[in-house]
Amino acid sequence: MMPPAALKTSLRLLMTLALATGLSACASMPQKTPPPSNPAPTSVETPTSTPETLTAQRAGRLAATGHNLEAAKDYIRAAAEARGQTQVHYLMEAAQASLKGRKPQVAILLANEVLRLQHDDAALRSAALWVRAQGFMDQGQTPSAKGNLEELLAISGTPQEVRAQAMGTLATLYTQEGHELTALNFLIEGDSLLSGRDIAENHRRIRALLDSQPTAKLQNWQGRSGNPLVQEWLAVALITRQNPDPQQRQAAISAWLTAHPGHPLINFSDHRAAITDTSTPNPALGSICALLPSSGPYALLSQAITAGMKTAAQLQSGPAVRALRTTGNPSYTAVLFKRGIKEGCRAFVGPWLPQDINAVAAVRKPSDPPIIALGVVPGVQQSGLYTLSLSRDVAAQQIAVQSYGAGYRRAYVLYPQDSSGAAIQADFIATWRKLGGEVGGVATYLPGHTFTDEARQLLNGSPGQDSFVFLVTNAKNANAAVSSIRLVNKRVPIFSPALLHGAALPSDTRGLSGIESVDMPWIINSGQSWPQAVQLLRTTLPNASDAQWRMAAFGLDTYRMAERVLDKDMTGSLAGATGILHFVTRNQIIRDMEWMEVENGRIVPLPGVPKPGT
């Protein structure tokens, strides 16, 4: 939280800006405009233990009688009189009242202030992101609106009804842009969050979207979508077109479901899919089994992990690898796990997705074979269940720990306006603040666009020698982001989690000179890490993408860690392709990554994080 004097100045500035943008116009009259199609979430209540000021009470009465703009002004005044969490709540109320009063620019300003001050309260952040998204939509800034909505979906504390509304809004925006398949995915993913009339309306939207597409496009979508629910909706839409007779249609749908077992239950009709056994009859006796998703965005990544595991098995002359392919249905994942045990799997690598980890943990017995889950799910802890996270969040946490240990004390956070960037920066901030580090500021940016005023102002001051920028980016957008930072500040260190996530540097590296980053030895120099594995994997994955090449390295390491688990060897460390791996308490496998520097287009490995002021 800002010092009181600085905060009062900030609030006075907000009031000035609000007045300048017309907050007081017609404020004495009720705003009887119809509610927006996606109403803002219910206002966040102020803590009951804190007595409301007279100003806040008056603001509440004004809002209740439709005087939204006047209420917004009083909530800003109440925030200036308050402290701590109460103050942030009043700012949130002011933002919501401004949005209802059709002053989107003011609503965005106030929501920005809430997001700047609040890093811990998930409900407040999701409410502020929702207001900001609606404000951007009212101003026609759909890319920014989409970014806020996607970040909102990444916050676990977002209320279910708000999450469903956000998915519905994203479906509308993607439909307007001609990305109907993406819109269809959002509509179908949001279906489980709805009930009653909302489900019926959502199904109407799904059918309307499907009915507006030519048959050839629906057939093409079947091949492109890895989501079983989407595939099922597409199949029923095509069968309905081809079978006008109800009895023939019912028979055709039943036949399709029988031919495609393992699909989740959906309620588009009275037909229900049954979870049946689709595992192959080949025995897995003595194998290390990869229990990984075979559909959606994880399919090709899972393929690369499995290829890495099989390569390690060949080079280590160890247990064979067998792939058990999950479908996105957690119940079916649990079925595959139990089936793998019956068929002789000695150990499992995976599940990967949180819902699958939860499902397997729920049916697993202490005597069952060990598992190396590729993600960390809070509250899931069992004997024999080990976790190794593949997420960039791990790199973010490591930057926090190592930079604090090196003497840094203040971080400025810049991240792209999307769900992945939001999750990474949130993990960094949580770890950084837990250590005692200070967050000098947080700002978002749209990759490929000029930095916003908010992002530029973040570094307009003179950060001390104990400061650095935590930049979330990827290789594609790194040059532009780093160059924009250097226009404002020439010297501040820039630390970025897994910046160089691909097999090569971006084509133009001039803007990257001087950036320090964290990544794995495999990416720095695959040939030195495990040259025999490189040769085999280049044959197995001849057209591997950057992300697949990275996942193949995890396959190499998870196989060797699974061997150690089977040998009950939990001591020492493994110099792997992805870094130095070792077991710690609570059955976690930690990966110590390497620091590097990009200098004149070359990657220069570093012995550790650069010290402050160097």
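**Entry 1. Terms and overview**

I began with a cut-off: a residue is buried under 20% relative accessible area, exposed over 50%, and partly exposed in between. Lys338 has 27% relative accessibility, so I put Lys338 down as partly exposed. I kept in mind that this is a predicted model.

Next I looked at the whole chain. The protein chain holds 24 helices and 15 strands. It has 614 residues, and 53% of them count as buried. I also checked contacts between residues at least 6 apart in sequence. Of these, 66% join residues at least 24 apart.

**Entry 2. Salt bridges**

How many salt bridges does a search of the whole structure find? I noted 12 salt bridges. I then looked up several of them.

I took Glu151 and Arg125 to start. Their side chains meet in a salt bridge, at 3.6 Å from N to O. Glu151 sits in helix H7 (residues 142-153), and Arg125 sits in helix H6 (residues 122-138). The two are 26 residues apart, and the pair links distant parts of the chain.

Arg204 and Glu201 came next. I found their side chains in a salt bridge at 2.7 Å, N to O. Both belong to helix H10 (residues 197-211). They are three residues apart there, so about one helical turn separates them. Arg204 is partly exposed, with a relative accessible area of 46%. Glu201, at 37%, also counts as partly exposed.

**Entry 3. Lys338 again**

I went back to Lys338. Which residue forms a salt bridge with Lys338? I found Asp368, with the closest N and O atoms 3.5 Å apart. Lys338 lies in helix H15 (residues 330-342). Asp368 lies in the loop between helix H16 (354-363) and strand S4 (371-373). The partners are 30 residues apart in sequence, so this pair ties together separate parts of the chain. Asp368 has a relative accessible area of 12%, which means Asp368 is buried; Lys338 is partly exposed.

I also noted a network. Salt bridges that share partners join Arg58, Asp74 and Arg77.

**Entry 4. H15 against H16**

Two packed helices are described by the angle between their axes and the distance between the axes. I looked up both values. H15 and H16 pack at an angle of about 50°, and their axes are 8 Å apart.

On H15 they are Pro330, Thr333, Ala334, Phe337 and Lys338. On H16 they are Gln355, Asp356, Ala359, Val360 and Val363. By class, this contact has six nonpolar, two polar and two charged residues.

**Entry 5. Lys73**

Last, I looked up Lys73. Lys73 is found in helix H3 (residues 68-81). At 11% relative accessibility, Lys73 counts as buried. I also checked Lys73 against Thr55. The two are 18 residues apart along the chain, and their C-alpha atoms are separated by 9.7 Å.

Conventions
Residues numbered from 1 in each chain as written. Predicted model: local features only at pLDDT ≥ 70, side-chain atom pairs only at ≥ 80, totals over all residues. Heavy atoms only, no water. Salt bridge = Lys/Arg side-chain N within 4 Å of Asp/Glu carboxyl O. Helix = DSSP H or I, 4+ residues; strand = E, 2+ residues; numbered from the N terminus. Buried < 20%, exposed > 50% of the residue type's maximum accessible area, 1.4 Å probe, protein only. Axes fitted to C-alpha atoms, helices over the stretch in contact; angles between N-to-C directions. Contact = heavy atoms within 4.5 Å. Nonpolar A, V, L, I, M, F, W, Y, C, P; charged D, E, K, R; others polar.
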